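Reader: I'd like to learn how to read side-chain features in a model like this one. Could you walk me through it?

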Amino acid sequence: FPSHDIGAESSLAAVNLASNVTLTVGSHTLDATAINLNTGSILNVESGSTVVGAVDGTAAGLGTVNVSGSNTMNGAIGSTNGIAALNVYDGASLAANDSIKATTVIVGYGEGTEGGSLTLADGKTLTGNLVIDDNSTVTFSGSAAIAGNAILDSGSVLNLNTGSAFYRDWE
């Protein structure tokens, strides 16, 4: 098998992760219309990864997506059922070009102090509880919105642009 790409030559209809299974996408491609996560399943998106398609739990709040390095995800994360957690690690950045629905989104996840960053595209919504850890930054582009609570730790930054909306309380 010359490559570790999944669906790169021809997009798959679905990739289904069984319970308690971890799939790590290194500097390769994961291309499927639907990427479905189960109880305890983890999708690790490392630097240089290309993930194409919507990532979602098979039921409400199942599965975790961990992002390390610099990445862009074009499909919705938690499109229908939502996922348990989206973790953007310290030193990592994620440009999310579609909406996010997760019980918890942590930016700057881990023990480091360099912080992480998340940018949500114009017109998209983050639904869930947002934790912006030490020295981390979250930017809502254009009219991007959050429907959930936000917790900002020491040195963290939340950039809301004209037209951005916040639908809950924040600390």
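Reader: How many aromatic pairs does the count come to?

Author: Start with the rule: rings of Phe, Tyr and Trp (its six-membered ring) pair if their centres lie within 6.5 Å; planes under 30 degrees apart are stacked, over 60 edge-to-face, and the rest tilted. Here the count comes to 1 aromatic pair. A word on the source: this is a predicted model, where local features need pLDDT of at least 70, side-chain atom pairs count only at pLDDT 80 or more, and totals for chains, interfaces and linings use all residues. Residues are numbered from 1 along each chain as its sequence is written, and side-chain values use heavy atoms, with hydrogens and water left out.

Reader: Which residues form the aromatic pair, and what is its geometry?

Author: A pair of aromatic rings is described by the distance of the centres and the angle of the planes. Tyr-89 and Tyr-109 are edge-to-face, at 5.0 Å centre to centre with 85 degrees between the planes. Tyr-89 sits in strand β8 and Tyr-109 in strand β10 (residues 100-109), so the pair ties together parts 20 residues apart in sequence. Strands here are DSSP runs (E, at least two residues), numbered from the N terminus.

Reader: Is Asn-74 buried, exposed or in between, and what does Asn-74 touch?

Author: Buried means under 20% relative accessible area, exposed over 50%, and partly exposed in between (1.4 Å probe, protein chains only). Asn-74 is partly exposed, at 48%. Beyond its neighbours within four places in sequence, Asn-74 is in contact (heavy atoms within 4.5 Å) with Val-51, Asn-97 and Asp-98.

Technical notes: Helices (H or I, at least four residues) and strands (E, at least two) are DSSP runs, numbered from the N terminus.
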